[in-house]
Amino acid sequence: MEVRRTAPVKLVVPDKRRNDLHETARQFLHCANRAAEFCWSDNSYTECVTANTTARDALYDDLREETNLTA
């Protein structure tokens, strides 16, 4: 049996807010890439950061300042 765990959601974005959506997506991608760089280790999987609190404590303030995202 196959189970789908995600649900696609179609966003209806007014034309005048479309740029805001794209900017938010760009900022989110920046944060995701920074988190991946911080957490990943090319040397060994045992050196990867897997604790959410460790990554959040290290990155949250800087990313919030860089992107002006609220969470």
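Predicted model: local features only at pLDDT ≥ 70, side-chain atom pairs only at ≥ 80, totals over all residues.
Good morning. I begin with Gln27, which has its place in helix H1.

Is Gln27 buried or exposed? Its relative accessible area is 13%, and because buried means under 20%, Gln27 counts as buried. As for its partners, once neighbours within four places in sequence are set aside, Gln27 is in contact with Thr67 and Leu69.

Let me turn to Leu11. This residue is found in the segment before helix H1, the helix that spans 18–39. Leu11 has a relative accessibility of 56% and therefore counts as exposed, since the cut-off for that class is over 50%.

Now to the protein as a whole. It contains 2 helices and 0 strands. Its radius of gyration is 16 Å, whereas a compact globule of 71 residues would have one near 11 Å. Along the principal axes, the C-alpha atoms fill a box of roughly 45 × 45 × 20 Å.

How much of the protein is buried? Of the 71 residues, 15% are buried, and Gln27 is one of the buried residues. The protein exposes about 6,600 Å², with carbon and sulfur atoms supplying 52% of that area.

I close with the contacts across the chain. Taking those between residues at least 6 apart in sequence, 47% join residues at least 24 apart. Thank you; I welcome your comments.

Note on methods: Residues numbered from 1 in each chain as written. Heavy atoms only, no water. Helix = DSSP H or I, 4+ residues; strand = E, 2+ residues; numbered from the N terminus. Buried < 20%, exposed > 50% of the residue type's maximum accessible area, 1.4 Å probe, protein only. Rg over C-alpha atoms; globule rule 2.2 N^0.38 Å. Contact = heavy atoms within 4.5 Å. Areas by Shrake-Rupley, 256 points an atom, 1.4 Å probe, with all protein chains shown as cover.
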